[in-house]
Structures are given as structure tokens and as C-alpha cells.
Amino acid sequence: MGMSVTISAAVDGDAEQILKLQYLCFQSEAEAYGDYAIAPLTQTLEGLRAEMAAGCVLVARLGDEVVGSVRGAVDSDGTACIDRLCVHPRLQRHGLGGRLLAAIEERLVAERDAKRYQLVTGHRSEGNLRLYRKYGYTTSGSTERDRKVRLTSMTKDVGGKAGGARAVGGPAGSAAVGASV
């Protein structure tokens, strides 16, 4: 009998597994842009723990193993910045990225009064762009980080279209779903 993947709030003891997963998942992003100094690959354990203390971090678990993660924080204007969405390569393309995205959106509204969502991904990250569009995000701008990377900003209002028939606030995928390059 197989085990189910569950999504829950991360606890301090998850930090090392999250960081290892992040390093694994963002290798393909680094390769695509020829830049291995991207933030997800240079983050320290202390930096991750500080983010966990200040924001909202969710993990997907398969038994005791962390197989997915996403984080978010809400600013004083109610904008929820979603970041570092990642799914273990062996579980990609099964809807887990979308489940994590919907779960963080729901949590940020319920616990932090988010009014809108914002995320950023690289312009060549087609899997990420597809996932975010499927969940109702629209391109709101782009900035050039350097000659190799143009970052695409995407936004969605709370209550905006979610993947499938479910709306944000309802009950609780893709390649290395990296929300930041």
C-alpha cells in the first residue's frame, strides 16, 4: 500500500531537509541560466531558519521525508510574496506543485490577511510559468537581473482563478518549480 503526500506547516526540525531539497530542485534552474550563484543555491541554514521564523513555510511530506516546500510572507499592503516553491524531481508532474501553491495561498489569506499574491520566476522557466498561469497568475512585469536572466513578475488577486475548478480559499507539478532565480 502506498503512502499519501501530506502538506503541513514546516517545523524547525525540517530546515535541513528543506534546504537539501531546495539545493536539489534549483540545480536545473541554475543550469538553464548558467548561474549557480542564484539565491536558492546560496542560502544558508541560518538564513532559512530566519525565513521560517518570520514567514509562512509549508512542506509536503511523504512519510518522514520532505518532498516539497513553499514559503510566503505578507507585507503591510497585504501583498503576499510567494517564494521557493519546489518539488522533489521524482514527484514532479503529479500536481504537488499546484497543491503547495494553493495551500500557501490559503494559509496566507487565513493567517496573514493577504489581499493579493505576487511571485517571480525566470523568463526561461516554462514549467513554472505554465503552472502559475494555470493557477490564475498573470504577468505584471519583468526586470533584467543581468544579461542572462530576465525575471518575470506575476500577480493574482485573492479570490482569483485557481487551478481546476477550485477557488482560492477552498479546500486544500511541474519541473523544479522555482519561484526565484
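## Ground rules

In this predicted model, local features need pLDDT of at least 70 and side-chain atom pairs count only at pLDDT 80 or more, while totals for chains, interfaces and linings use all residues. Residues are numbered from 1 along each chain as its sequence is written, and side-chain values use heavy atoms, with hydrogens and water left out.

## The nonpolar cores

Let's start inside. A nonpolar core here is a set of buried Ala, Val, Leu, Ile, Met, Phe, Trp, Tyr and Cys residues joined through side-chain atoms within 4.5 Å; buried means under 20% relative accessible area, exposed over 50% and partly exposed in between, with a 1.4 Å probe and protein chains only. The largest core has 27 residues, of which Ile82, Leu101, Ile104, Tyr132 and Tyr137 touch the most other members. At least two residues of this core come from each of E2 (56–62), E3 (65–74), E4 (79–87), H5 (96–112), E5 (116–122) and H6 (126–134). Helices (H or I, at least four residues) and strands (E, at least two) are DSSP runs numbered from the N terminus. Helix H5 gives the most, with seven residues.

A second, separate core holds 17 residues, including Ala10, Ile18, Cys25 and Val66.

## Helix H1 and its cover

Which residues of helix H1 (residues 15–25) are buried? They are Ala15, Ile18, Leu19, Leu21, Gln22 and Cys25. These residues lie on the same side of H1, because they cover an arc of only 165° around the axis, the arc being that of the directions from the helix axis to the C-beta atoms. Their cover includes helices H2 (27–33), H3 (39–42) and H4 (45–54), along with strands E2, E3 and E4.

The structure holds two aromatic pairs. Rings of Phe, Tyr and Trp (its six-membered ring) pair if their centres lie within 6.5 Å; planes under 30 degrees apart count as stacked, over 60 as edge-to-face and the rest as tilted. Tyr117 and Tyr137 make a tilted pair, 6.4 Å centre to centre with 50° between the planes. Tyr117 sits in strand E5 and Tyr137 in the loop between H6 and strand E6 (138–144), 20 residues apart.

Tyr132 and Tyr137 have ring centres 6.1 Å apart and planes at 65°, so this pair is edge-to-face.

Arg84, in strand E4, has a positive phi of about 55° although it is not a glycine. At 6% relative accessibility, Arg84 counts as buried. Asp113, in the loop between H5 and E5, also has a positive phi, near 55°.

Terms used
Contact means heavy atoms within 4.5 Å.
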